[in-house]
Amino acid sequence: MNAEQILFILFGAVSLIGAVSVISFRHPIYSALSLVVTFFAQAGLFILLGAHFVAAVQVIVYAGAIMVLFLFVIMLLNLGTLSAKGAIGPKVKGFAVILGILLAIEGIYIALNSANDTTVAAAESATGTTTTYDIGKLLFSEYLLPFEVTSLILLAALIGVIVLVKRESQEEN
């Protein structure tokens, strides 16, 4: 086993433990910090794959900006520990199980078809390197739909925070 394989296993294990910790902790701050650990482990995996730009974006955008926003919202809403009693109804649990199964099927499908993926080859320029222009071209052509879905999810989260804060401030008056 060489050093690259050992680092891959290490980063993968840290990423997996961090992801499980995100959903295991009852306190939102601990969950957010576990997500930061997961982001850094993912950046390590990207570095091992030779995607240094993506690793830098992972750390700067997700571990930096997005997590600061999450922590700001958690502190703004003054969220404490979640109570297990009545927190999740049976309909929500059923929906979560179905969604989890669908996401697992999607992950398996992607893993099985990743060997046939030619996206990386399409992004490489004539010199054999991938430039930020190539990444931007792919992002706004082949990956436009996931990019737009991500922006809609962030918009929905922002609207949800505004509604929760406004409702809380109206109850205080």
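Visitor: Which residues in α2 meet which residues in α3?

Guide: Contact means heavy atoms within 4.5 Å, and helices are DSSP runs (H or I, at least four residues) numbered from the N terminus. Here Pro28, Ile29, Ala32, Leu35, Val36, Phe39, Phe40, Gln42, Ala43, Phe46 and Ile47 in α2 touch a set in α3 that includes His52, Val54, Gln58, Tyr62, Met67 and Phe70. Sorted by class, this α2 and α3 contact has 20 nonpolar, 3 polar and no charged residues. This is a predicted model, where local features need pLDDT of at least 70 and side-chain atom pairs count only at pLDDT 80 or more, while totals for chains, interfaces and linings use all residues. Residues are numbered from 1 along each chain as its sequence is written, and side-chain values use heavy atoms, without hydrogens and water.

Visitor: How are α2 and α3 oriented to each other?

Guide: Compare the N-to-C directions of axes fitted to C-alpha atoms over the stretch in contact, from 0 to 180 degrees; over 145 counts as roughly antiparallel. The axes of α2 and α3 (residues 52-77) come within 8 Å and cross at roughly 175°, so the two helices are roughly antiparallel.

Visitor: And what angle do α1 and α2 make?

Guide: Their axes also come within 8 Å, crossing at roughly 155°, which makes α1 roughly antiparallel to α2. This contact has 11 nonpolar, 9 polar and 1 charged residues.

Visitor: How many aromatic pairs are there?

Guide: Rings of Phe, Tyr and Trp (its six-membered ring) pair if their centres lie within 6.5 Å; planes under 30 degrees apart are stacked, over 60 edge-to-face, the rest tilted. The count comes to 2. Phe39 and Tyr62 have ring centres 5.6 Å apart and planes at 40°, so this pair is tilted. It links distant parts of the chain, with Phe39 in α2 and Tyr62 in α3, 23 residues apart.

Visitor: Where is confidence lowest, and where highest?

Guide: Check pLDDT, the predictor's confidence in each residue from 0 to 100. Helix α5 (residues 119-123) is lowest at a mean of 51, and α1 (residues 3-24) highest at 90. Where pLDDT is low, predicted coordinates should not be read in detail.

Key:
Parallel < 35°, antiparallel > 145°, perpendicular 65-115°, else oblique. Nonpolar A, V, L, I, M, F, W, Y, C, P; charged D, E, K, R; others polar.
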